[in-house]
Each structure stands twice: as C-alpha cells, then as structure tokens.
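Look over the sequence and the structure before reading on.

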Amino acid sequence: MIPINTTWIGSSREKHEPEVLRRAAEVFVIFNPEAESMEPGQRRVIQFAHLKNLVEKLYCKVPFYREKMMAAGVTPSDLRSLESLGNFPTTTKDDLRITYPYGLLACPEADIEEIHMSSGTTGIPVVDAYTGFDIECWKEAMARTLSGAGATRHDTVQNAYGYGLFTGGLGVHYGAKKLGANIIPMSSGNTAKQLMVMKDFRTTVLTCTPSYALFLAEEAKDAGVDLESLSLKCGCFGAEPWSENMRGEIESKLGIDAFDIYGLTEITGPGVAFECEAKNGLHINEDLFYPEVIDPGTGKVLPYGEKGELVFTTLVKQGTPLLRYRTRDITYLMKEPCTCGRTTLKMHRLFGRTDDMLILRGVNVFPSQIEHALIEIEGTDPHYLIVINRGESHLDEVELMVEVKQEFFTDETKSLERLRNQIESVMKSKLGIGLRVKLVEPKTIERSVGKSKRVIDNRKL
Ligand code: DLL
C-alpha cells in the first residue's frame, strides 16, 4: 500500500506567511506553496500514487465499483499511468441515486463525521459523507480558496452562503477557520441584518452567491447605506452560473474584487477550484481532485484547451470517494503557467451544463422534479412552463405557468386560488425555493413536436 501523502495537512498559515505581511488587502498569499506551487511533474507522481491507492480501495471495498470495473473489463492493475484512467468507468448522478444513502461508502460507517446533500433529478438527494480526514482536506481546500481572493487571518469573513445540508455555508466556515480569519456565520437571507453586521463588524470578505451579492448592493443603496464607508475588499462568489459582466457589476457596485469559486457536493463542496488575483481561470486543487475533460457524447478524454464535460476523481477522499465523476459542467482545462505562482491546472469559468439542471437562487432544480410534483396535484395537467427572470432585485424570479383542468376554470375563483396556493407550497417544500404560480387554461402553453421546451431562461448569464 502506498501511504497517503498528507504533508500539507495541518500546515498552518503562519508557517508560510512572512511576519512582515501587512493587512491582506495589499498582499496575495499562496496558502500552501508546497502543494500549490509544486513542480507539475512531481505533482503527477503523487497524483498517480493516490490514484493507484484509490482504484485498489474501490475495487476491494465498494462492491458497486468492483462490478463497474468488471463490466468495463478493467482491474486495478490496468492503471499504469494517469492517462490510463481514461479506460476506467465513469460515475454519474444516477449511480449516486441508486446507491443512496450509503452504497458508495468506502470506510466503516462509524468513521463518518458529517453528511451533506444536494438535490438529485428525482428528489433523491445526492450524498457526500465525510470522515474527519475528509473534513481536514476540505478545510485546506477552502483556506486556499479564500487566500486566492486575498483573505488572511486579519480578515473578517461574512458568510452568507446557506448553512445546513448545502455545502456552501460550512465549507466557507471551515476554510475561514483554518485561515484563522474571523468568521461571521450569517447564512443566507435577512438582508437588513447582513448590512448592519457588515457595517458594525467591518466585514472585509463577503461570501455568497453572485446574485445575492448584487442584491445586497442594491438593498444597501436603497437603505441609504454608504458603501464607501464599508470595509469590504473582496468576495468569493459561486454555486451558480455568472458572467464577466456580472463580475464587473458586482465589483463596481460594491467596490470590491470579485472572485469565482467552484465546487459541487459530490466532490466535497466548494473548494474544488478557485480564482486567484489573475482572475483568469480557476486553480484546481489538484492534489485532492484529479480533473479530466471528456466529450460528453463519446466519453473520450479531450486534450487541454478543448471544451467538454468536466470529470473529477477524488484522490484522497475516504468517506465517499468517487471515480471519474461526470459533473455535467462544461469547461476546458488551461495548462499555461499562471502569473500568481501556483502551478496547478486551471479550468475556465463554466460555460453551462450538459443536462437540464437549473440553478435558481443557488438551489439545484431539475424541471423533472416540478413535473413529478405536479402529477400528484389534482386539478393540474402536466403541462407547465418555467419562466426565469433576473429582475430589478438581481435575484432569480421564477414563474411557473401550470395548465389547469377545464373544470377548474368553470369553478369558483376561490378554488383556483386554493389550487395556486397548494402548488406554491408543494413546490416550496419539494424544491426548496419559492416560486410564483400562474394558472392558465388548458392548451395555453405551446406544444412542441420535438423536445418540449419547459424553461424560458431570460437571465443574461
Ligand atoms: O454549489 C457548492 C458551492 C458552494 C460552490 C458555494 C461554490 C460556492 P451543489 O449545490 O452541489 O454545490 O451544486 C453544484 O453548482 O455542478 C455547477 O453546475 C454549479 N456551480 C458551482 N459553482 C459554480 C460556479 C455547490 N462558480 C453545481 N459557476 C455545479 C457556475 C457553479 N456554476
């Protein structure tokens, strides 16, 4: 067995940060230069050792993976180089669904210390189970992420990502603690209080979805908060698609530097990749997560620079390690050296997804979830249309048009109103977001001869 190289675990910020470091606003520090600026050839040797370990472990300990490998005609001895990983089977969201809740566990259940989840296509959640070691890795990944944006232990991080099963809240929390920063666990929402705390505690780093950052800026303006008087210097924004235009808007409205951060529940959460001061692609924490980009149609591994579906293998994860997980996110890998001094591969900010998953106010929603919920509500037809706008508020506003059976339209208005309320509350509990329901008469929604159009997304992302 090749021992897991954990030289960086427990490496403290102090070890690398020179005494002369002044307030972080002026200096960008690489949190763990040993790992992040390692000579790439050396990193590949370590990655391969981890990969070998992982494939053997999955084959021996996780029956699901053993069967998958057997079906693909490979065994751990077929892993002869990093490139040969391309011959191994991939893992999909569906695989996670059918093995729910603990089918992919690669360690004793007693070793699990934390669970996170996100929504799956059918409402069956996607689970990530972490051992104590996995949490340490997550802390490290997130400390590097926050450092990428210029945060240090001198900073006050206001964390407006949701705490709970969603990985955003606790992920940032762990990273800020590892960094030694002051963390304010605000969680999402309660905008007036966010602004008050931001002012009173002189928050320097804001972490939330990019749309919420814009919303906060607008609300601050309306509430007469003088943004110039705030101490904010930067923000780490992710969990949903955003664009360079939106970055410009956030930066000018809040007067800060805005950085893109990426991650997904299945592969730990935020901290998989992050932007540095170059703001040109996201550095992948490659000693933890091995990236590939594949052609989503053929599954063939694509060369650097070619756009396709991002695939990750967790290199040292113990709880629920994943082999070649298909993220459905579209990007390309950038291997050009970065001016910041990190030598890790970067990924371009996301271009979109290969499936129909929508991200509404940071929450993952599949149109099929809406369809399933509607089928169970008497009085509705499974014809619906989701219209998404990013209104004045900069938050996603979602309208769900639903066709109602004819008899309801001949009925009294009260029962229509009751039906509307019922759908809104079912959607809120099933999807976790509030949307506005508009009931329409049968055959109002345009029928399609091909793939039906269920979503009109007017957000300019
Ligand atoms: O959104 C983890 C996260 C939390 C990332 C906080 C960043 C900040 P999930 O809820 O599982 O996890 O959603 C993962 O969100 O596959 C992408 O499609 C999308 N996503 C995440 N970050 C970005 C980003 C968290 N920076 C899914 N840009 C991913 C665009 C993003 N999309």
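## Helix packing

The model is a predicted one.

Now the geometry. H3 spans residues 40-61, and H4 spans residues 63-71. Their axes come within 5 Å and cross at roughly 105°. Angles of 65 to 115 degrees count as roughly perpendicular, so H3 is roughly perpendicular to H4.

## The ligand shell

How many residues surround the ligand? There are 22. The closest are Ala239, Asp260, Ile261, Thr265 and Asp329. By class, the shell holds ten nonpolar, seven polar and five charged residues.

Which element supplies the largest share of the shell? Strand S7 does, with five residues. S7 covers residues 257-264. Helix H7, residues 167-179, also contributes to the shell. H7 and S7 each give at least two residues.

- Thr265: a polar side-chain atom sits 2.5 Å from an oxygen atom of the ligand. Thr265 is also among the closest residues of the shell.
- Arg353: the distance from a polar side-chain atom to a ligand oxygen atom is 3.1 Å.
- Asn364: an N or O atom of the side chain lies 3.3 Å from an oxygen atom of the ligand.

How much of the ligand's accessible area does the protein cover? The ligand on its own has 610 Å² of accessible area, and the protein covers 96% of that.

## Backbone details in two loops

Two loops hold backbone features to check. One is a cis peptide bond, running from Tyr100 to Pro101. Its omega is near 0°. Pro101 sits in the loop between helix H5 and strand S1. H5 covers residues 93-98, and S1 covers 112-118.

The other concerns Arg324. Is its phi positive or negative? The phi of Arg324 is positive, about 50°, although Arg324 is not a glycine. Arg324 belongs to the loop between strands S11 and S12. S11 runs over 308-314, and S12 over 325-331.

Key. Residues are numbered from 1 along each chain as its sequence is written. This is a predicted model: local features need pLDDT of at least 70, side-chain atom pairs count only at pLDDT 80 or more; totals for chains, interfaces and linings use all residues. Side-chain values use heavy atoms; hydrogens and water are left out. Axes are lines fitted to C-alpha atoms, for helices over the stretch in contact, and angles run from 0 to 180 degrees between N-to-C directions. Helices (H or I, at least four residues) and strands (E, at least two) are DSSP runs, numbered from the N terminus. Angles under 35 degrees count as roughly parallel, over 145 as roughly antiparallel, 65 to 115 as roughly perpendicular and the rest as oblique. A residue is near a molecule or strand if one of its heavy atoms lies within 4 Å of it. A polar contact is a pair of N or O atoms within 3.5 Å; within protein, one must be able to donate a hydrogen and the other to accept it, and residues adjacent in sequence count only if both atoms are side-chain atoms. Accessible areas come from the Shrake-Rupley method with a 1.4 Å probe; for residues, only the protein chains shown count as cover. Ala, Val, Leu, Ile, Met, Phe, Trp, Tyr, Cys and Pro count as nonpolar, Asp, Glu, Lys and Arg as charged, and the others, Gly among them, as polar.
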